[in-house]
Amino acid sequence: MSDLHASAQTALAVPLRYAQAGSSLAYAALAGARAFEVLRHYPARDVVDADAGTRFYYHAHRLDEPEHGHFHLFVHGEQPGEFMHLAALSLDVNGQPLRWFTTNRWVTGEHWRSAAQLLPRLRRWQVQTGGRLAPVARWLSAMVTLYRDELVQLLHARDARLAPRLQGRSLAEREAIFEDRSLDVISDCPALLAPKIAQLVH
């Protein structure tokens with residue numbers, strides 16, 4: 001079985017098991033918290049795979065539909081405390097994926113790297129963890145594999161949109177652009193599972 005087909009099975013099976021138990025990915029992502037607070041990380045210390053050099057957390061910038069919240073996915077840098085944002089994946093109130101998106105640096109406080117620098121890490125991104133968030137970690141790892149081509153395009157689109165703003169700028173001006181609060185989401189694409197699975201079937 002190919003990596004794509006195995007990932008597709010996981011992407012469908014994990015939400016199904018939550019649904020059969022009367023739950024959803026959106027609820028599971030809260031890691032047992034009774035209340036969903038804006039900007040709080042779920043879980044509080046993030047899910048970290050030190051061996052893979054990856055991490056994720058779930059949160060929301062505001063509590064309104066159609067998005068319930070979104071996962072931020074990261075890779076660790078070579079220096080302690082250094083991390084880079086790959087992409088975010090939003091869920092609706094039923095825990096179904098809505099879209100992938102990239103963000104400006106200020107959103108996550110990441111150490112900015114170009115798409116070319118991030119792509120090798122994207123191609124092997126996965127998170128393994130134990131406990132109640134283990135199925136969520138498996139699902140996210142499967143989704144990254146399943147949407148790898150789209151994520152490559154998304155990161156290139158992020159860089160292409162920023163390039164004209166950054167070109168020829170001084171260091172201080174570049175820093176101002178990365179911290180521009182009016183620029184949050186830079187690129188995005190759909191993450192609807194049904195049409196994605198249909199592409200694999202046909």
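This is a predicted model: local features need pLDDT of at least 70, side-chain atom pairs count only at pLDDT 80 or more; totals for chains, interfaces and linings use all residues.
Local features are given where pLDDT is at least 70 and side-chain atom pairs count only at pLDDT 80 or more, while totals for chains, interfaces and linings use all residues. Residues are numbered from 1 along each chain as its sequence is written, and side-chain values use heavy atoms, with hydrogens and water left out. The UniProt record, an unreviewed entry, places the feature "domain: DUF6969" at residues 6-190; its positions follow the numbering used here, feature names are shortened, and annotations may be inferred rather than shown by experiment. Residues 6-190 are 38% helix and 25% strand, and the end C-alpha atoms of this span lie 21 Å apart. Helices (H or I, at least four residues) and strands (E, at least two) are DSSP runs, numbered from the N terminus.

**Nonpolar cores**

- The largest nonpolar core has 48 residues, of which Phe 56, Tyr 58, Phe 71, Trp 100, Val 136, Trp 139 and Leu 140 touch the most other members; such a core is a set of buried Ala, Val, Leu, Ile, Met, Phe, Trp, Tyr and Cys residues joined through side-chain atoms within 4.5 Å.
- Helix H5 (residues 134-146) contributes seven residues to this core, the most of any element.
- Another core, of seven residues, lies apart from the largest one and includes Leu 162, Leu 166, Ile 177 and Phe 178.
- When neighbours within four places in sequence are left aside, Phe 56 is in contact (heavy atoms within 4.5 Å) with Asp 46, Val 47, Phe 71, His 72, Leu 73, Val 127, Val 136, Ala 137 and Leu 140.
- In soluble globular proteins, nonpolar side chains tend to be buried together.

**Helix H5**

- H5 has 13 residues and reaches 18 Å from its first C-alpha to its last, close to the 18 Å expected at 1.5 Å a residue, where the expected span is 1.5 Å times one less than the number of residues.
- The helix is mostly covered, with 11 of its 13 residues buried; buried means under 20% relative accessible area, exposed over 50%, and partly exposed in between (1.4 Å probe, protein chains only).
- Among the buried residues of H5 are Val 136, Trp 139, Leu 140, Met 143 and Leu 146.

**Aromatic pairs and charges over rings**

- The whole structure holds nine aromatic pairs, a pair being rings of Phe, Tyr and Trp (its six-membered ring) whose centres lie within 6.5 Å, with planes under 30 degrees apart counted as stacked, over 60 as edge-to-face and the rest as tilted.
- Phe 71 and Trp 139 form a tilted pair, 6.3 Å centre to centre with 50° between the planes, and this pair links distant parts of the chain, since Phe 71 is in strand S3 (residues 67-76) and Trp 139 in helix H5, 68 residues apart.
- Phe 71 is buried at a relative accessible area of 0%, and Trp 139 likewise counts as buried at 0%.
- Trp 100 and Tyr 147 form a tilted pair, 6.0 Å centre to centre with 55° between the planes; Trp 100 lies in strand S5 (residues 97-103) and Tyr 147 in the loop between H5 and helix H6 (148-166), so the pair ties together parts that are 47 residues apart in sequence.
- Ring pairs link Phe 36, Tyr 42, Phe 56, Tyr 58, Phe 71 and Trp 139 into a cluster.
- The charged end of Arg 99 sits over the ring of Phe 101, 4.6 Å from its centre, and that of Arg 158 sits over the ring of Trp 112, 4.0 Å from its centre; the criterion is NZ of Lys or CZ of Arg within 6 Å of the ring centre and within 35 degrees of the ring normal.

**Backbone features**

- Most residues other than glycine have a negative phi, and most peptide bonds are trans.
- The peptide bond from Tyr 42 to Pro 43 is cis, with omega near -5°, and Pro 43 lies in strand S1 (residues 42-49).
- Asp 46, also found in strand S1, has a positive phi of about 70° although it is not a glycine, and Asp 46 is buried with a relative accessible area of 15%.
- Ala 31, in the loop between H2 and S1, has a positive phi of about 55° and counts as partly exposed at 22% relative accessibility.
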